[in-house]
Amino acid sequence: MTKKTLETATYVEAMAQLLDLDLKPQHRPGVIKNFAKIYAIASLVTEFTLPDDIEAAPVFKP
């Protein structure tokens, strides 16, 4: 399986346009940097494989 990559700046630009967000030029670098961090953290979760026979718990008990 190949690892997916994300061009963070392109994604942020596209989503800002799609959501009609007024993303100020001075905020753009920070948004891109933070989104790259979010993507890296989320990748840890999405890359963790689960068995096919696993079922979701009906009740969460910490």
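T8 is buried in this predicted model, with a relative accessibility of 11% (buried means under 20% relative accessible area, exposed over 50%, and partly exposed in between, with a 1.4 Å probe and protein chains only). The residue sits in helix α1, which spans residues 8–18. Helices here are DSSP runs of H or I with at least four residues, numbered from the N terminus. Beyond its neighbours within four places in sequence, T8 touches I32, F35 and A36 (contact means heavy atoms within 4.5 Å).

The model is predicted, so local features need pLDDT of at least 70 and side-chain atom pairs count only at pLDDT 80 or more, while totals for chains, interfaces and linings use all residues. Residues are numbered from 1 along each chain as its sequence is written, and side-chain values use heavy atoms, with hydrogens and water left out.

Q17 also belongs to helix α1. Its relative accessible area is 67%, so Q17 is classed as exposed. Q17 and S43 are 26 residues apart along the chain. Their C-alpha atoms are separated by 24 Å.

Helix α2 covers residues 28–46 and includes K33. K33 is exposed because its relative accessible area is 54%. From K33 to L50 the separation is 17 residues in sequence. In space, the C-alpha to C-alpha distance of this pair is 30 Å.

Two salt bridges are present in the structure. A salt bridge is defined by a side-chain nitrogen of Lys or Arg within 4 Å of a carboxyl oxygen of Asp or Glu. One of them joins R28 to E13, and the closest N and O atoms are 2.7 Å apart. This pair links distant parts of the chain, with R28 in helix α2 and E13 in helix α1, 15 residues apart. R28 has a relative accessibility of 22% and therefore counts as partly exposed. E13 is likewise partly exposed, at 34%.

D22 counts as exposed, given its relative accessibility of 61%. K24, at 35%, counts as partly exposed.

Notes: Helix = DSSP H or I, 4+ residues; strand = E, 2+ residues; numbered from the N terminus.
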